[in-house]
Amino acid sequence: MQDMVYIYPTRVKYRNPQAHLKASMGSPTTSNSMNSPTATFREKKDGPTFSHHEHHHPSGDRMHEADLQLTRIGRYRGLLQPYFAEFLGTMLLVIFGTGANCQVSLSSNQNVSSVPKGSYTSVGFGFAVGISLGVWVSAARSGGHINPAVTIASATFRKFSWRKVPGYVFSQLMGGIIGSALVYANYYHAINIYEGGSGVRTLLTAGNFGTYPLDYMTNASAFFSEFLGTALLVIIVFAATDPANAVPSAAIPILLFIVLLGIALCLGMETGFAVNPARDLGPRILTSIVGYGGAVYSFRNQYWLWGGVLAPILGGLTGAFFYDILFFDGGRFKHALYRTRSDGLIGRSAA
């Protein structure tokens, strides 16, 4: 094995030119010794030869990761993988969430469905399923933010690299656009029926994609609703990832399922609970592209900006601030809570 360098999956180069000769002459090696699976096959009349076994099972001969070398494509894949993960995770969130919106809303029209398919509770479960699956898919590669408010809060309070923030936010936004585009294509004909004609697009169905506060909500109350929901979301995210709480990583998607379902069922009626700029702005961009026009931006004096983007970001920062100042033993407030003793030990400040 020391004479070979494996280039995955099938090509082999030799450090020692004599290694090829030894292998071809059948000299005992790691891969053709009497203790190897290949030797067992050789004892059978119909068993595969060494070369046949090597060809069909390139990773079977105890190939070590230390012997593998990344290609240029492999290096690029590694660099871009976190951003692809954020894209995919956000896309899943938007597909399940806005898909639930469309099914519940459009099925209320008897020309679309003979009976309604779901209720507001279904919408809450749709978004809860979306966030849990989105985080589960992306967490190992990117941390599973799938929300610009979480990304910015993590960069501010958890030493997440600010250099990655633009790429993460762009990936999340694109996930929102593509996810809503797939849902729009899926419900295209139902939207035509609901709107009363092919190509007719109004705010009646735009609310299935972006968020629009109810008429009785003032601007201040709409802002506060999104601010509050996102603050609660980020508090739970920070609590779930706090080492002191010892939450298993496999349980975090379940916790996020619970918190988003709770936000939807308890606080979401008035504004549609965006609590995520990418979840609101991505679908809103999609609706403006497919025929809804500028009304999706001009609604409530650019609600998309102050209600769909700024309120969640500020709410997330506020939730992160309060969690850290009250509970977290590290981070930005460590020096405000602890001081170094004269003997070099770290102790709690008398103040």
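The model on screen is predicted.

**Stop 1: α6 and α10**

Select residues 148–157, which form helix α6, and residues 219–240, which form helix α10. Two packed helices are described by the angle between their axes and the distance between the axes. Here the axes come within 11 Å and cross at roughly 55°. The two helices are therefore oblique to each other. Their crossing is right-handed.

Next, show the side chains where the helices touch. On α6, pick Ala-149, Val-150, Ala-153, Ser-154 and Phe-157. On α10, pick Thr-230, Val-234, Val-237 and Phe-238. Colour them by class: 7 are nonpolar, 2 are polar and none is charged.

**Stop 2: α10 and α11**

On the α10 side, the contact is made by Ser-225, Leu-228, Gly-229, Leu-232, Leu-233, Ile-236, Val-237 and Ala-240. On the α11 side, select Ile-252, Leu-255, Leu-256, Val-259, Ile-263 and Leu-267. By class, the contact of α10 with α11 has 12 nonpolar and 2 polar residues, with no charged ones. Val-237 of α10 is listed in the contact with α6 and in the contact with α11.

**Stop 3: the annotated spans**

An unreviewed UniProt entry lists "transmembrane region" for residues 83–100, 120–139, 222–240, 246–269, 281–299 and 305–328. Select two of these spans in turn. Residues 83–100 are 100% helix and 0% strand, with end C-alpha atoms 26 Å apart. For residues 305–328, the end C-alpha atoms lie 31 Å apart, and the span is 92% helix and 0% strand.

**Stop 4: a salt bridge**

Side chains of opposite charge can pair when their charged atoms come close. The count of salt bridges in this model is 2. For one of them, select Asp-324 and Arg-158, whose side chains meet at 2.8 Å, N to O. Which parts of the chain does this pair link? Asp-324 is in helix α14 (residues 303–326), while Arg-158 is in the loop between α6 and α7 (165–186). The two residues are 166 residues apart, so the pair links distant parts of the chain.

Terms used. Residues numbered from 1 in each chain as written. Predicted model: local features only at pLDDT ≥ 70, side-chain atom pairs only at ≥ 80, totals over all residues. Heavy atoms only, no water. Axes fitted to C-alpha atoms, helices over the stretch in contact; angles between N-to-C directions. Helix = DSSP H or I, 4+ residues; strand = E, 2+ residues; numbered from the N terminus. Parallel < 35°, antiparallel > 145°, perpendicular 65-115°, else oblique. Left-handed = near helix turned anticlockwise from the far one by under 90°. Contact = heavy atoms within 4.5 Å. Nonpolar A, V, L, I, M, F, W, Y, C, P; charged D, E, K, R; others polar. UniProt positions renumbered as here; feature names shortened; annotations may be inferred. Salt bridge = Lys/Arg side-chain N within 4 Å of Asp/Glu carboxyl O.
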